[in-house]
Amino acid sequence: MISFNQLTVRYGSTLALDGITGLVNGGEWLGIIGPNGAGKTTLLGAISRLLRYDGAITINGQPASALGRRQLARLIAYVPQRPLLPPDMTVSEYVLLGRTAHIGYLRAETASDLRVCASVIERLDLGVMSGRMLRAMSGGELQRVVLARALAQEAPVLLLDEPTSALDLGRRMDALELIDEVRREQSLTVLSAIHDLTLAGQFADRLLLLSGGQVAATGQPAEVLTDAVLADHFGPGVQVLRTDTGDLAVIARRGSRGFPRP
Amino acid sequence: MLLVAVVTGVAVGPAGLSPAQVIDAIGAGLPWHPHTGLSALDVKIVWEIRLPRVVLGILVGSMLAGGGAAYQGVFRNPLADPYLLGVAAGAGLGATIVVVSGGNPALTPPAAFAGAVCAVALTYLLGAHAGRGTESPGMSGGTSSILLAGIAVAAILTAIQTYLQQQHTQTLAYVYAWILGGLSAATWSDVWLILPYLLVAALVLLAHRRLLDVLRVGESEATSLGVNVARLRLTVVIAATLGVAAAVAVSGLIGFVGIIVPHAVRLIAGPSYRVLLPVSMVGGAAFLVLADVVARTAQAPDEVPIGVITAMIGAPFFLFVLRSRRARQDLT
C-alpha cells in the first residue's frame, strides 16, 4: 500500500505538485492521467524519491524518507518514460541490473540472482534474445526488456511512466496485457502515468486525474472518464463513448481548438 | 601482452646484454642463486636500472589506465581522463613550487602528490557546492558542475604554475622535463613509495566495477535500482585520485595512457566495466612499458620523453577510435 499526504514538489519557483493526497491499495492498478504538465511524472518521481518533495509518502506503512536506496529499490521498481538503454549491453546483462538492490554492495551476483533473471526473461518471452545487444532490438522488444529489468527487482510496487508511449496501438495493448497478467500473478501494486485515456480506462482499477499539480478527480474509470470531467482539463472536444463490449473509448473531435493550455 | 612488454622492457637497453644474460642476471639477484659468469655491474644494471623501471612502468601504466576507465565510468564521459579533475595541474604546481624554491629534489614527489590531491579536493568541493540545489536525494546531480570546476581549478593552478616558471626561467628545463614525464629515474624506493596507494586504489576500483556498469543506465535509473550514486562517485574519485596522484608523483605527467587504453580495450573486449577495468589496467601497464622501451631506444643513447611517445601513438589512435565509432554508428 502506498499513501502520499500533502505531497508538494517544486522545480525552482514552479509548483509541480501542490499538496496532493492519495492512497493506492496493495494489488491495485492506479492509472495517473492528466494533460501535459499536470504532474504525472513528477508524482512517480517523488514516490520513487528521485525528486525532493515536501509532505509524507509511506510505502507498506514505512515512511519513504526513512528508507535507504537499496531498501527502496526492493519495494519499488521504476520504469521511466525514456529509459537509457546502453546499446552495447545484452538483454541478460540489462535485466541483471534489476538485481542491484539484492546483491551485496561489493559482491557479485549469486546463482539465485541469475535464476530470478532467467525466470523473468522466460516469462516475458525474451529467452531467445537474451544474448542480443539492446541496439539490435525493436521498440516493442525493448519495452519488454525494460519491464523485465523492473520485474527482476522483485519489488511489490511497479511505477510505470508512460509504458507504451513509443509503441503502436497493437503493441500497446500487448504490453499492457502483459503487465496486467504479471500484476495478477505476482499481486503487484501498479502506478502508471498514461496519456491514452482509453487504455487507462481499460486497464486501471482506479484513475487519478491530475491537473495543474492538483488532484482534479479520482475514482473508478467510469466515474472519471466522463465528458464533463474531461472537458474541464482536456478541452471541450473530448468525448467519451461506450463500445458494444462496455469499454470506454475517449476520442477528440476536430474543430475544438481554443482550449486554454496550461 | 604484458608478459611480452615486461620481457622486452627488461631485455632491451644500451648495455647490450643478451636475453639469456638478462635471465641469468635476474637469477643472480635472487637468494641462493646459481653462479653465473656475469659481472656485478651487469647484475646491477638489470636489478637496479631495468627492473625498477619496468615495475614502475607497470604500476604507473596500470593506474593511469585504470583511473581513466574509472573516471569515464563514474562521469559517464568517454573523454574523461585521469587528469580530469585537476590532478595534472595540481601535481605540476606542487612540483614547480619545490623546484623554483630550490627545495630538496626528494620533496618533488610528495609535493606533486599533495598538489594533485588538493586540486581534486578543491574541484570536488567547488563542484559539489555549485551543484547544490540541482541534485536529487541520493544522487550527486553535480556531474557537470564537478567537471566544470575541474576545468576552472586546472586553469587557475596552471596559470600560477606558468607564472612561477616565468619568474624562475633558470629552472624551466627541469620543470618542463618533469611535466613531460618519464621513468628514467625509476628506483626501487619509488616503487615501494607508491605501491601501497596503487594497491589500495586498484582494489577499490576493481571492487566497484559492477556498480560502474549499473551507472551505464544513467544516474537517475541507477538510483532507482538501489545505487547511492553520490557515495559511489566519491569513493571512485578518491580511490582513482590517490592512485593517479601517487603515480604522477614519481613519473610526471604522462599523457594519453588514461584515455586511449580504456578506449582500445572497449573496442576489443566491450564496454562492460567488469572486463574493461581490469583489462585496462593490464593493457595500460603493457602500453607504458613498451612506450618506455621506444622512449629509450628510438634516439639512443638519448631518451625521448615518454609523454611524447604516448601522445604520438595516442593521438592518431584516438582519431582512429573516433572514426571507427562513427562508422559503427552509421551501420546501426
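Here are some notes on chain B of this predicted model, from its overall fold down to one glycine.

1. Ground rules first. This is a predicted model, so local features need pLDDT of at least 70, side-chain atom pairs count only at pLDDT 80 or more, and totals for chains, interfaces and linings use all residues. Residues are numbered from 1 along each chain as its sequence is written, while chains are lettered from A and ligands numbered from 1 in the order in which they are written.

2. The overall picture: chain B has 14 helices and 0 strands. Helices here are DSSP runs of H or I with at least four residues, strands are runs of E with at least two, and both are numbered from the N terminus. Of the 332 residues in chain B, 52% are buried. Buried means 20 or more other C-beta atoms within 10 Å of the residue's own, exposed means 12 or fewer, and partly exposed lies in between, with C-beta atoms placed from the backbone.

3. On contacts within the chain, residues 24 or more positions apart account for 74% of those in chain B with a separation of 6 or more. Two residues are in contact if their C-beta atoms, placed from the backbone, lie within 7 Å.

4. Have a look at helix H12 of chain B, residues 257-269. Its 13 residues should span 18 Å at 1.5 Å a residue, and the end C-alpha atoms are 17 Å apart, which agrees. The expected span is 1.5 Å times one less than the number of residues. Because 10 of the 13 residues are buried, H12(B) is largely enclosed by the rest of the structure. Among the buried ones are Val261(B), Pro262(B), His263(B) and Arg266(B). After the helix comes Gly270(B), with a positive phi near 90 degrees.

5. Next, Gly283(B), which sits in helix H13 (residues 273-297) of chain B. It counts as buried because it has 27 C-beta neighbours inside 10 Å. Leaving out residues up to four places away in sequence, Gly283(B) touches Ala65(B), Val261(B), Ala264(B) and Val265(B). Gly283(B) and Gly66(B) are 217 residues apart along the chain, yet their C-alpha atoms are separated by 9.2 Å.

6. Finally, the contact between the chains takes 21 residues from chain B and 23 residues from chain A. On the chain B side, helices H9 (209-214) and H10 (219-224) are the elements giving two or more residues, and H10(B) provides the largest share, 4 residues. That side divides into 7 nonpolar, 11 polar and 3 charged residues. Ala, Val, Leu, Ile, Met, Phe, Trp, Tyr, Cys and Pro count as nonpolar, Asp, Glu, Lys and Arg as charged, and the others, Gly among them, as polar.
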